[in-house]
Amino acid sequence: MDLINTFKVPTNYRFVKPFTSFRELKIRGTQINYYFICKTKLYLFSKNVRLEKDSDIVSIGNFIHKNTYKKENRELIIGSIAIDFVKNKKNGILEIHEVKKSDRMEKADIYQLLYYIYYLKNMGITAVGVLNYPSKKKIKRITLTEQNETELIKIIEDIENIAKGNKPIKPERKSYCKKCAYYEFCFS
């Protein structure tokens, strides 16, 4: 039985848009991120092929994640999303933070955070996002607009189609492939 699709919404919850199913809420933030980085990686991750645990790059990112912002509450997991840390704002708007090693994949990072804001919005929670790049001492504030919400809905549909596929998408060589945890899987 699919718990998310059979979940009964309490009458006091107000969703921003009506859901015929909770399909959007099944997508993970990592999938949104991988959508912009590599469709092959997205496909493999969606099929539970997880090679990140052995990656030095991922280990460095995890180290940065665990050793910066120590005073902040750590990872908040809500359904299929994992927010690095949260701050409450005085005006009732939740400030969610995502910590990244580098801003090299900034578009992917932005859309991952936009997805978290969208996810919370559909739960009736108003949020804004902050991307934190501690090694660059850079932060970027993110808000969800109607335009990027419409884009997100299309991206979610595309991710679902990729994940449903029976064959991996042929890998495209990119400048950052050699550092990827999936490199040998794709190009051996």
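Predicted model: local features only at pLDDT ≥ 70, side-chain atom pairs only at ≥ 80, totals over all residues.
At 19% relative accessibility, Glu106 counts as buried, because the cut-off for buried is anything under 20%. Glu106 pairs up with Lys140 in a salt bridge, with the closest N and O atoms 3.8 Å apart.

**The overall picture**

- The protein has 7 helices and 6 strands.
- Going along the sequence, those elements come in the order α-α-α-α-β-β-β-β-α-β-β-α-α.
- Of the 188 residues in the protein, 40% are buried.
- Take the contacts with a separation of 6 or more: 64% of them are between residues 24 or more positions apart.

**Salt bridges**

- How many salt bridges does the count come to? It comes to 7.
- Back to Lys140 and Glu106, whose closest N and O atoms sit 3.8 Å apart.
- This pair links distant parts of the chain, with Lys140 in strand β6 and Glu106 in helix α5, 34 residues apart.
- Lys140 is partly exposed, at a relative accessible area of 30%, whereas Glu106 is buried.
- Asp103 has a salt bridge too, with Lys136, and here the closest N and O atoms are 3.9 Å apart.
- Asp103 is in the loop between β4 (94-99) and α5, and Lys136 is in the loop between β5 (127-133) and β6 (138-142), so this pair ties together parts that are 33 residues apart in sequence.
- Lys136 counts as partly exposed, with 49% relative accessibility.
- Lys121 forms a salt bridge with Glu149, and their closest N and O atoms are 2.7 Å apart.
- Since Lys121 lies in helix α5 and Glu149 in helix α6, the pair ties together parts that are 28 residues apart in sequence.
- Lys121 is partly exposed at 25%, while Glu149 is buried at 11%.

**A buried charge without a partner**

- Asp84 lies in the loop between β2 (81-83) and β3 (85-88).
- Asp84 is buried but has no salt bridge.
- Why does Asp84 have no salt bridge with Lys100, the nearest side chain of opposite charge? Lys100 is 6.2 Å away, and a salt bridge needs the atoms within 4 Å.
- The side chain of Asp84 does have a polar atom 2.6 Å from the backbone nitrogen of Val99.

**Aromatic rings**

- A pair of rings is described by how far apart the centres are and by the angle of the planes.
- The count comes to 6 aromatic pairs.
- One of them is Tyr115 with Tyr118, a tilted pair at 6.4 Å centre to centre, with 35° between the planes.
- Both of these tyrosines, Tyr115 and Tyr118, lie in helix α5 (residues 106-121), 3 residues apart, or about one turn of the helix.
- Tyr115 is buried with a relative accessible area of 0%, and Tyr118 is buried at 0% as well.
- Tyr183 and Phe187 have ring centres 5.4 Å apart and planes at 45°, so this pair is tilted.
- Tyr183 and Phe187 both sit in helix α7, 4 residues apart, about one turn of the helix.
- Are these two buried or partly exposed? Tyr183 is partly exposed at 22%, and Phe187 is partly exposed at 22%.
- Tyr35, Phe36 and Tyr111 form one aromatic cluster.
- Charges sit over some rings: Lys39 lies over the face of Tyr35, 4.0 Å from the ring centre, and Arg173 lies over the face of Phe187, 4.0 Å from the ring centre.

**Helix α3, tucked inside**

- In helix α3 (residues 39-46), 7 of the 8 residues are buried, so this helix is largely enclosed by the rest of the structure.
- The buried residues are Thr40, Lys41, Leu42, Tyr43, Leu44, Phe45 and Ser46.
- What do they pack against? Their neighbours are α2 (29-37), α6 (146-164) and α7 (183-187).
- After α3 comes Asn48, with a positive phi near 65°.

**Asn148 in helix α6**

- Asn148 is found in helix α6 and is buried, with a relative accessible area of 12%.
- The side chain of Asn148 reaches the backbone nitrogen of Thr145 at 2.7 Å.
- Leaving out residues up to four places away in sequence, Asn148 touches Tyr111, Leu114 and Thr143.

Technical notes:
Residues numbered from 1 in each chain as written. Heavy atoms only, no water. Buried < 20%, exposed > 50% of the residue type's maximum accessible area, 1.4 Å probe, protein only. Helix = DSSP H or I, 4+ residues; strand = E, 2+ residues; numbered from the N terminus. Contact = heavy atoms within 4.5 Å. Lys, Arg positive; Asp, Glu negative; His and termini not counted. Polar contact = N/O pair within 3.5 Å; in protein donor to acceptor, adjacent residues only side chain to side chain. Phe/Tyr/Trp six-rings, centres within 6.5 Å; stacked < 30°, edge-to-face > 60°. Lys NZ or Arg CZ within 6 Å of the ring centre and 35° of its normal.
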